[in-house]
Amino acid sequence: MQATIPEAAPVTVQSAKNVDEHIIEIVSDSGEGAQTCGQLFADLCARNGNGIWTVEIIPAEIEPPKRSRAGASGNRIRIGSHAITNAGDCADIVVAFNEQVLYSRIDSGALRPGTIVYVDGSWLADSDERVVEQYRAAIADFRARGYQVIPLPIVEECLRYADDVRKGKNIWVLGLLCAIYDLEEARVQESIAKKFGKKGPDAVKKNAQLFTAGYQWALKHVEQRFHVAPIAGAGTRAQVVMNGNQAIALGIMSAGIEVCSMYPITPATSASHFLAAAFEQTGGIVHQAEDEIAAIGFAIGCSYAGKTAVTITSGPGLALKTEFIGYAVMAEVPLVIVVVQRGGPSTGLPTKVEQGDLLAALHASPGDAPKIVMAPATIEECFHFMITARKLAEEFRGPVMVLSDANLATGQQPFAKPEFDPNWLAAPLDMSPWEHETPPFAWDPETGLSRRPIPGQRGGEYVLTGLAHDEHSHVAYESSINQRAMKMRSRKLAVLQSALRPPVAHGGDEGDLLVVGWGSTLGTIEEAVDRLRTEGGKVSSVHLRFFSPMEPGLKAIFRRFRKVMTVEVNYSDDAGDPWITEDSRRYSPLAQMLRSHTLTDVDCWSRVPGSPIPPEMIVTELRKVLDGMGRGEDVCRG
Amino acid sequence: MQGLKKEWEIEPHEQHHEKADYAGAMPRWCPGCGDHSALNAVKRLCYEKQLPPERTVVVSGIGCSSRFPHYMKTYGFHGLHGRAFPVACGVKSRRPDLHVFMVTGDGDCCAIGAGHWIHALRYNMDITVILLDNNVYGLTKNQTSPTTRLGEHTNTHPRGAIIPPLSPLTVALGVANTSFVAQTVDWNPAHVFNCIEAAHAHRGTSFVRILQRCPHFSAHVFDAPVHDPSLLLMLEHENGVGLEPDKLKKLPNRMGHDPANLEEARAIAAREDVYPIGLLYRNEHAACYDDFTSHGLSMTQLEKQTAIRAAIDKFAI
Ligand SMILES: Cc1ncc(C[n+]2csc(CCOP(=O)(O)OP(=O)(O)O)c2C)c(N)n1
Ligand code: SF4
Ligand SMILES: [Mg+2]
């Protein structure tokens with residue numbers, strides 16, 4: 001075995017090269033721990049004071065065949081000496097546990113000529129000739145594509161410390177990466193002890209050995225090492241690092257919500273996993289219902305009884321919840337509904353990012369059901385929006401939908417540690433007697449707002465109903481009552497809008513092109529805008545957080561640009577495709593909304609790659625648009 | 001009170017309630033509709049037990065029977081068709097202080113709500129469930145329900161129902177962790193009351209099926225047991241649901257049945273020659289999901305704040 005693998009010669013290690021930022025990918029067969037390795041590495045970089053953003057690389061199946069092109073599992077980590085807001089473009093370094101999984105990353109456009117590819121060379125010694133042949137062919141192909149291919153003796157090195165290398169390679173690779181990126185060994189050992197402490201001292205010891213082995217091997221054999229300096233001033237502010245689902249879960253607890261009622265669905269479930277454990281300490285429950293309808297019904301029952309609850313789901317679950325969402329609007333029940341979007345329609349792309357539920361969130365309900373819809377754009381906002389959402393739900397007496405997505409859900413990012421404020425918690429239940437003469441829907445004729453009696457409040461007894469009702473909650477089919485009640489429920493949104501600030505454009509206040517985005521694409525779009533502006537492009541962007549009510553002042557902002565377009569991770573027809581005309585073209589969801597809302601000819605560029613759109617791809621598209629405008633094409637006919 | 005948080009405090013001066021205090025809107029059910037019987041029994045129970053109206057919640061779905069909460073003057077939740085169970089469980093989840101009743105129909109419970117029905121029985125939260133079974137969809141005007149008997153003519157099956165009905169009793173008794181199953185008939189108000197009283201006293205989900213006459217659409221379906229009381233099989237036991245002696249006399253067909261005996265309960269429920277009435281099954285030791293859902297209710301705001309801060313700190317770098 002040894003004979004066939006070329007011994008890596010010790011190198012004269014150069015001192016680490018300073019780089020402003022780097023993108024690292026670690027990919028393996030599913031079950032080999034590349035994800036854990038990536039998460040630990042990201043966490044270490046964050047602790048080191050770097051900006052980070054991570055993306056999980058998830059195979060479509062639980063147990064894909066080994067060494068298969070579609071089976072890549074792992075993590076992309078972008079680190080920098082400045083805040084990192086998105087997954088970036090092509091990888092600088094990729095570590096692959098076998099050469100086949102790398103192909104799925106190549107197909108996704110994750111590599112470029114010059115990318116350093118570390119690949120386990122042990123396959124050359126495999127007993128199966130076909131594997132050896134595959135390996136040889138792939139390496140030759142990688143070199144032809146211009147990657148710097150460097151084989152690693154991962155398996156043999158790991159066999160010195162572990163019997164089951166499938167469970168050890170990832171920590172050896174972690175050691176390797178930490179040496180390459182000049183991270184302090186002692187600090188890492190601490191993290192390992194923390195991570196594996198639960199599995200006992202043996203596991204800690206074994207993993208510590210594997211880590212050191214990888215670290216030492218790299219010091220001896222790896223030529224190119226890098227130093228990504230921490231962000232200036234890092235360490236002076238308290239920071240936390242987590243993914244979007246953890247942020248939502250912590251936000252739920254910090255908002256004083258005690259019940260999360262759910263039915264498992266990717267990519268929302270991990271928030272409930274975290275909550276189920278954390279609620280043990282903070283005093284709440286995760287109710288795993290028998291389906292999504294029951295999940296929201298339970299949450300509404302709990303809210304009705306005074307404890308505003310949250311239900312969390314993804315697109316297919318949202319589809320099932322719609323009848324109850326209409327009920328919560330009609331009966332004015334405070335409720336928080338989190339939708340962690342994935343690719344649709346139908347079961348779609350369960351683990352992948354898309355923003356396709358915007359219109360469903362707004363409209364999926366029997367009849368016209370005005371409700372609050374908002375979307376965080378960063379992981380930090382995932383946390384804080386939950387606190388806002390509960391308050392709005394109670395203040396405006398109705399459901400609040402919070403749209404996150406798979407990219408936020410699984411991406412990790414450091415942000416300022418939330419300083420917990422006791423005012424975030426819900427007030428204790430008011431059990432004082434209800435003012436006798438006040439009906440349960442004493443709508444303020446101006447604002448539509450009203451206060452609700454809670455069971456336990458003497459004198460407030462009333463019957464909630466989803467039927468048309470008057471202010472006493474008495475079933476009423478009279479046309480004047482229905483018109484008035486609809487007006488009151490809708491008015492609340494106008495009142496909320498008056499409290500929202502108009503968005504501020506990133507870039508400049510006026511120019512040729514304004515890009516409008518929402519959700520997890522914030523960092524990517526702004527990075528693309530920045531790159532174009534350094535080339536002299538007169539392009540800016542605004543990023544929306546509220547969709548119902550819509551953020552104010554959009555029309556005025558749009559008017560200051562020659563053209564407005566959305567960039568979304570959504571489907572839209574491309575102008576110019578066969579059969580696609582001005583008349584037949586289907587726009588992406590946000591563009592549809594903005595067109596009707598502002599009566600502006602808002603264009604769109606959107607894609608559904610099942611992965612975050614890289615900034616450079618947006619730059620290329622916008623550059624084309626700007627070039628076209630130079631020739632006087634395509635201006636806004638607002 | 002010391003030790004109890006403000007929101008759970010019991011007021012020292014208890015109020016007395018008259019029967020009329022529990023009466024809500026004027027019932028709009030057809031004259032002779034069996035739903036009236038259940039309403040009277042629940043009102044009487046509230047009065048006799050002096051349940052505070054503000055701590056009583058009646059949850060329902062959609063159907064004639066589900067109009068029930070409007071006719072009570074307690075808190076009420078007239079929800080969606082088929083979805084009363086999850087709502088009732090949610091109401092109870094963080095409010096163990098509330099008396100939760102749930103009223104449903106045979107379509108509401110056994111058709112569109114069947115999934116929730118089964119799981120709610122399993123959760124076994126402390127809720128009193130009343131199934132008003134008229135063997136038909138009343139509100140939507142005479143369609144076949146899962147309990148419509150073979151051959152009965154309805155608007156959806158004008159030539160008669162084609163598949164044998166399900167029995168709510170055998171279904172309920174087949175669900176793991178079911179803890180209370182009883183049956184009664186709307187035309188025996190004393191028995192209806194006794195069943196609902198026992199159901200309310202039981203900790204867990206008590207499921208009471210009431211054979212309910214719908215003079216409008218299924219007038220004749222219970223003619224036989226109405227006219228021939230020997231078709232009612234009265235279940236008797238010291239732990240069961242009894243009847244005052246003078247009323248018992250009118251029920252000639254009686255059998256002893258220990259409600260702890262699940263096997264026998266299932267056998268009785270499966271009988272097609274008679275309508276068993278009384279308590280088929282009760283298990284006071286079945287697990288109650290409320291024990292889980294009330295987790296942390298006794299924590300103080302300060303304890304919570306400390307715990308949440310600690311949870312955030314775990315992510316500090
Ligand atoms: C989602 C939905 N589907 C259908 C209906 C129409 N609907 C209302 S009540 C009902 C059946 C009621 O029958 P049952 O539950 O037996 O109650 P009953 O009227 O007989 O008391 C139906 C089908 C509805 N309200 N909602
Ligand atoms: S239609 Fe039948 S169930 Fe409905 S109110 Fe009339 S009698 Fe009662
Ligand atoms: Mg019915």
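Figure 1. Ligand 1 has 17 residues around it. B:Cys64, B:Ser65, B:Asp106, B:Asp108 and B:Gly138 come nearest. The model is predicted. Ligand 1 lies between chains A and B.

**Figure 2. Polar contacts of ligand 1 with chain B.** At B:Gly138, a polar backbone atom is 2.9 Å from a ligand oxygen.

**Figure 3. The magnesium ion (ligand 3) and its donors.** Which residues coordinate the magnesium ion? They are B:Asp106 through OD, B:Asn134 through OD1 and B:Val136 through O. The distances run from 2.0 to 2.1 Å. Along the sequence, the donor residues follow the spacing D-x27-N-x1-V. B:Asp106 and B:Asn134 link distant parts of the chain, 28 residues apart. B:Asp106 sits in helix 3 (residues 106–110) of chain B. B:Asn134 sits in the loop between strand 4 and helix 5 (168–174) of chain B. Are these two residues buried or exposed? Both B:Asp106 and B:Asn134 are buried. B:Asp106 is also one of the residues that come nearest to ligand 1.

**Figure 4. Helix 1 of chain B and what covers it.** Helix 1 spans residues 35–49, which makes 15 residues. At 1.5 Å a residue, the helix should span 21 Å. Its end C-alpha atoms are 21 Å apart, so the model agrees with that expectation. The buried residues of the helix include B:Ala38, B:Leu39, B:Ala41, B:Val42 and B:Leu45. B:Asp35 and B:Lys43 are buried too. An α-helix has 3.6 residues a turn, so residues three or four places apart point the same way. The cover over the buried residues includes strand 1 (56–60), strand 3 (99–105) and strand 4 (127–133) of chain B. Helix 6 (189–201) and strand 6 (205–211) also belong to the cover. Just after helix 1, B:Gln50 takes a positive phi of about 50°.

**Figure 5. A:Val569 and its contacts in chain A.** A:Val569 lies in the loop between strand 21 (561–568) and helix 18 (589–598) of chain A. Its relative accessibility is 2%, so A:Val569 counts as buried. A:Val608 is 39 residues away along the chain, yet the two C-alpha atoms are separated by 5.4 Å.

Notes: Residues are numbered from 1 along each chain as its sequence is written. Chains are lettered from A and ligands numbered from 1 in the order in which they are written. This is a predicted model: local features need pLDDT of at least 70, side-chain atom pairs count only at pLDDT 80 or more; totals for chains, interfaces and linings use all residues. Side-chain values use heavy atoms; hydrogens and water are left out. Helices (H or I, at least four residues) and strands (E, at least two) are DSSP runs, numbered from the N terminus. The expected span of a helix is 1.5 Å times one less than its number of residues. Buried means under 20% relative accessible area, exposed over 50%, partly exposed in between (1.4 Å probe, protein chains only). Contact means heavy atoms within 4.5 Å. Donors are N, O and S atoms within 2.8 Å of the metal (3.2 Å for Na, K and Ca); water is not among the atoms, so sites may look incomplete. A residue is near a molecule or strand if one of its heavy atoms lies within 4 Å of it. A polar contact is a pair of N or O atoms within 3.5 Å; within protein, one must be able to donate a hydrogen and the other to accept it, and residues adjacent in sequence count only if both atoms are side-chain atoms.
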